[in-house]
Each structure stands twice: as C-alpha cells, then as structure tokens.
Amino acid sequence: MPVDDLPIVLDRSGPEPLAVQVADALRSAAGSGALRVGDRLSSTRALAARLGVSRTVTAAAYDQLLAEGWLAGQRGSGTFVTAAPAGVRGVRGGGLGTGPSTDRTTPRPALLDLTAGRPCLAVLDRAAWRRAWRSAADRPPSRGPEPAGRPEFRRAVVDHLLRHRGLAAHPEQLLATSGTTAGLDELAAVLPPGSTVALEEPGYQRAAATLVGRGLRVVPAAVDENGLRVDQLPTGLAAVYCTPAHQFPLGSRLSAGRRVALVERARAEGFVVLEDDYDGELRYDVAPLPLLAALGPDVVAYLGTTSKLLTPALGAGWLVAPPALHASMLAARERTSIRPSPAGQLVFAALAEYGDLARHLRRLRAELTERRGRVVEALGGTGAPVLGDAAGGHLRIGLPSAAAELAVLAGGEAAGVLIPGLKEYHRGPASVFGVSIGYAGPSRTELDTAVGVVAELVERAWASG
C-alpha cells in the first residue's frame with residue numbers, strides 16, 4: 001500500500017509528540033505488511049502536506065526510522081522501506097486506524113504441528129514435480145467441459161488403484177473429484193434429503209460437517225480396536241461413512257469379518273457405504289485387506305485422494321460409485337457445470353506416466369516407516385500405550401482420562417507444540433482419551449523435538465494417573 005493511502009490518524013491533543021506518532025504509524029505499517037520492503041515513501045514535504053503538519057514533524061519521524069534501520073535514503077531516488085520490524089510499537093495517540101493497541105507486541109512463534117493428515121513433502125522429488133507440471137502445461141486445453149474429469153487422469157487412477165489397492169475399475173466408472181471431502185459433498189447432495197448417515201465415533205469431523213451441511217442427519221457409529229462395530233449400526237440408514245483401511249483417528253483397520261458383514265447389511269437394508277480410503281496406499285506392515293469397494297461394488301462408493309500421497313495443493317481425488325449414484329452425480333455436474341479443476345489431474349497423470357508416482361510411493365513408505373519407528377522408540381519408556389496400525393502418517397497415544405488429555409495439550413502449547421487431542425474427533429462426549437501424533441508433516445528435526453516434548457508430557461500424565 002503506498003504511503004499516500006495509509007490511514008494515518010494523529011491525536012493532536014494527546015501527550016505523544018506528533019513526530020513520534022508518525023514514526024509509530026509507519027513502523028506499525030511495516031510490521032503488519034501494509035508497507036513492504038522496497039516500498040518508496042512519500043517525501044517529507046508531501047506527507048506533511050497530507051497530514052496537515054509541519055515538515056519538521058515528518059522529517060523527524062523519517063530520521064528516527066532511518067536511525068533504527070527500517071528506512072534507507074537514496075540521493076535523488078527517495079526514501080525506501082528496507083526491513084520490517086518483528087514486533088511493532090503500538091500507537092497510543094495515532095496510527096493506522098483509530099482503535100486502541102498495546103504498547104508493544106511480538107508475533108508468537110509458530111507451533112510445531114503434529115496434526116494428522118499432513119503430507120510428507122520431504123520425499124517429493126522436486127525435479128519430477130517440475131517435469132510433471134511442464135508436461136501438464138504441454139497438454140492441449142479441453143475443447144469443452146469434461147464433467148467426469150480428464151480421461152488421462154481417470155486412466156492413471158484406474159491403473160494406480162489396481163496396482164496399489166487391488167481394485168479393478170474402469171475409467172467410465174470413475175469420477176475425478178477435488179478430494180475426498182469434495183467427493184463426499186457431491187455424494188451427500190444426491191442422497192435423500194433429511195436421511196440418516198452413520199459416521200464413526202470418534203471420526204472425521206469434517207466429513208460430519210459436510211453431511212450436516214447438506215441437510216443430512218448424522219448419528220454415531222461405534223468403533224473399537226477392530227474398526228467399525230457393524231453389529232451396533234442402527235437401522236433406517238441411507239449411508240454409512242467409514243475409514244476401514246486406517247480408522248481415523250484411532251488407527252485401527254476394519255477386520256475381514258466385519259467388512260463382509262457391512263457389505264451384507266448394506267445389501268439387505270438398502271444403504272450405501274461411503275468408503276474413505278484417505279491413506280490406504282501407505283501400509284508398511286502387512287498387505288492391506290480387500291477394499292469394501294472390491295467386496296461390494298454395488299453398494300460401496302469409494303473415495304480416494306492425492307492429499308496424503310502427494311500434496312493437497314493438487315486438489316485432486318477420485319470416486320468410484322455404484323452405477324445409479326455415478327449417474328446421479330454426473331447428471332448433477334452437467335446441470336450445474338460444477339467440476340474439479342483439471343490442473344491437478346494432469347499433474348497426477350504425468351507423474352504416473354513417467355513412473356515418478358510409483359517411485360515416490362516407494363520413497364514415501366520407506367520414510368514413514370522410519371519416522372514411525374523413531375516416534376515409537378521415543379515413546380517407549382513413557383508407560384503410555386502407542387496404538388494404531390503401522391500405516392499412514394499418524395498414530396495414537398492412549399491417556400488415562402480427559403483431564404490427562406487436556407494437560408498434555410496445554411503442556412504442548414506452552415512448549416510450542418500443537419498436539420491434537422482425541423476430544424476434537426468426537427461429536428458427542430469423548431469415549432476415548434489420548435492424543436493423535438501426525439509424523440508425516442514435520443521435518444525430521446522438528447519431529448524429534450516435538451515428540452520429545454510429547455514423551456515427557458504423557459509420561460507425567462500416566463505417572464499422575
């Protein structure tokens with residue numbers, strides 16, 4: 001923002017000298033980003049005329065900022081911003097706007113974030129990434145709308161699902177999406193209005209918000225160490241949302257017997273299963289169990305995403321649905337002209353075409369295996385149970401009570417570590433206590449530091465009961 005447009009307000013009746021007020025306002029603007037490094041300021045004469053003060057006032061303000069190092073003068077060129085204060089002095093009498101401010105504030109450092117679901121960008125081959133984007137840019141633009149998604153993307157996803165998830169699908173069965181949540185939103189839009197959907201408890205609350213936002217009624221579905229309790233599902237459902245490959249956030253997988261039972265109940269009772277396979281490719285202990293979509297393609301809508309595999313920046317995912325649902329969603333897209341952006345689809349297709357996707361997946365599995373081992377080792381002597389399958393990018397640490405969970409969260413924040421508690425994954429009262437540790441997103445150094453803090457806190461929580 002040019003200095004001529006900055007809303008500098010002066011308090012002419014206050015005790016603060018006008019030159020100090022002007023300097024404070026400019027310093028605050030540089031600290032907030034309203035003025036940026038390299039911006040050229042008005043001359044002292046022009047600024048004085050605009051503010052209705054003498055040139056002595058503005059010259060004194062500039063001199064103060066020049067002495068502090070925030071400004072630099074170049075003969076014949078003017079005065080420029082050369083640095084932005086890390087903490088800015090608040091303005092008592094004048095400044096940007098008219099609201100009160102504190103005497104001095106310092107931006108709070110960012111917390112080390114252990115939130116589950118962050119991608120591991122450390123293993124992404126940047127040369128392959130750039131090559132894929134160049135290849136995507138070389139593709140000819142579409143002649144018209146492609147509601148189902150780019151054909152090359154759908155072919156690449158079909159091959160990926162067959163190789164890495166054991167799902168045999170055809171490109172005509174697959175819809176490109178902007179990710180699992182976007183795909184779920186489209187599915188929810190074609191379910192009967194006001195119908196009931198069961199969702200794992202604890203579970204993915206963004207999915208719950210998406211369903212509720214479409215006017216559906218969400219009821220809890222119990223889970224345990226073997227995943228969804230199929231025998232405890234209520235009747236009268238339109239759909240069941242679940243994460244069978246790696247239950248979110250508990251980390252368990254749905255047992256083989258329960259998979260069969262869920263598909264049989266869906267067929268018998270006429271509901272659809274919404275299978276969110278958000279990180280199903282990332283298993284490192286044993287081969288994954290068959291997808292629900294492979295067991296019951298007639299009653300299962302399968303959702304996948306590039307967000308955990310690569311990055312959410314692609315905004316690309318996929319959906320394989322039973323024929324009637326597929327037709328309804330495709331018709332809705334054609335009516336509304338709403339469809340996912342093709343850019344991420346083309347990048348994914350290029351990564352797959354050149355073999356970079358498969359190589360990335362091998363590196364990612366190896367990296368996450370190593371990271372999970374480091375986390376488990378660091379927590380080994382704490383007395384806390386480390387739970388969840390060797391899969392994906394997160395695990396769970398059990399805690400004895402809700403109070404212990406809150407204490408760990410508060411201690412982490414005080415130490416500069418963001419630790420997600422299981423309470424935030426419940427719609428109702430929490431039934432499981434603990435914290436979820438996402439080990440994919442941070443760097444290894446950040447992860448070691450953060451997990452050291454977690455280990456100390458959970459050990460203290462278990463020692464105190």
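Tutor: Some terms to start with: buried means a relative accessible area under 20%, exposed means over 50%, and partly exposed lies in between, with a 1.4 Å probe and protein chains only. The model is predicted: local features need pLDDT of at least 70, side-chain atom pairs count only at pLDDT 80 or more, and totals for chains, interfaces and linings use all residues. Residues are numbered from 1 along each chain as its sequence is written, and side-chain values use heavy atoms, with hydrogens and water left out.

Student: What is the relative accessibility of Glu-370?

Tutor: Glu-370 lies in helix H12 (residues 356-379), as does Arg-374, four residues apart or about one turn of the helix. Helices (H or I, at least four residues) and strands (E, at least two) are DSSP runs numbered from the N terminus. Arg-374 is partly exposed at 27%. Glu-370 also counts as partly exposed, at 37%.

Student: How many salt bridges does a search of the whole structure find?

Tutor: A salt bridge is a side-chain nitrogen of Lys or Arg within 4 Å of a carboxyl oxygen of Asp or Glu. Glu-370 and Arg-374 meet in one, at 3.7 Å from N to O. Searching the whole structure gives a count of 24.

Student: Arg-214 and Asp-185 form a salt bridge; how many residues apart are they?

Tutor: Their side chains meet at 2.9 Å, N to O. The pair links distant parts of the chain: Asp-185 is in helix H6 (residues 180-190), Arg-214 is in the loop between helix H7 (205-213) and strand S10 (217-224), and the separation is 29 residues.

Student: What is the relative accessible area of Arg-118, which pairs with Asp-113?

Tutor: The side chains of Arg-118 and Asp-113 meet in a salt bridge of 3.2 Å, N to O. Asp-113 is partly exposed at 26%. Arg-118 is also partly exposed, with a value of 40%.

Student: Which strands stand at the edges of the three-strand sheet?

Tutor: The sheet is open and antiparallel, in the order S16-S17-S19; two strands pair if DSSP finds at least two bridges between them. Each edge strand has a single partner, so one side of each is left without a neighbour in the sheet; these are strand S16 (386-387) and strand S19 (434-438).

Student: What angle does the direction of H12 make with that of S17?

Tutor: S17 (residues 394-398) runs antiparallel to S16, joined by two bridges, and Ile-397 in S17 is the bridge partner of Val-386. H12 packs on this sheet and touches S16, S17 and S19, contact meaning heavy atoms within 4.5 Å. Axes are lines fitted to C-alpha atoms, for helices over the stretch in contact, and angles run from 0 to 180 degrees between N-to-C directions. For H12 and S17 the angle is about 15°.

Student: Which residue in S14 stands opposite Glu-275?

Tutor: An open sheet of eight strands, with mixed pairing, has the order S8-S15-S14-S13-S12-S9-S10-S11. Within it, four bridges join strand S13 (residues 272-276) to strand S14 (residues 300-305), and the two run parallel. Opposite Glu-275 stands Tyr-302.

Student: Is Val-240 buried or exposed, and at what relative accessible area?

Tutor: Val-240 is found in strand S12. Beyond its neighbours within four places in sequence, its contacts include Val-197, Leu-228, Phe-271 and Leu-274. Leu-274 is 34 residues away in sequence and 5.9 Å away in space, C-alpha to C-alpha. Val-240 is buried, at 0%.

Student: What is the volume of the largest cavity?

Tutor: On a 1 Å grid over the protein atoms alone, a cavity is a set of points where a 1.4 Å probe fits but cannot get out; a pocket is an open set with protein on both sides within 12 Å along at least five of seven lines; lining residues have an atom within 4 Å of a point. Grid points are joined across faces, edges and corners, and a volume is the space filled by probe spheres set on the points. There are four cavities of 30 Å³ or more. The largest has a volume of about 110 Å³.

Student: Which element gives the largest share of the lining of the largest pocket?

Tutor: This pocket has a volume of about 570 Å³. Of its 22 lining residues, those closest to its centre are Ala-116, Gly-117, Tyr-204, Arg-206 and Lys-308. The elements that give two or more residues to the lining are H6 and H7. The largest share, three residues, comes from H6.
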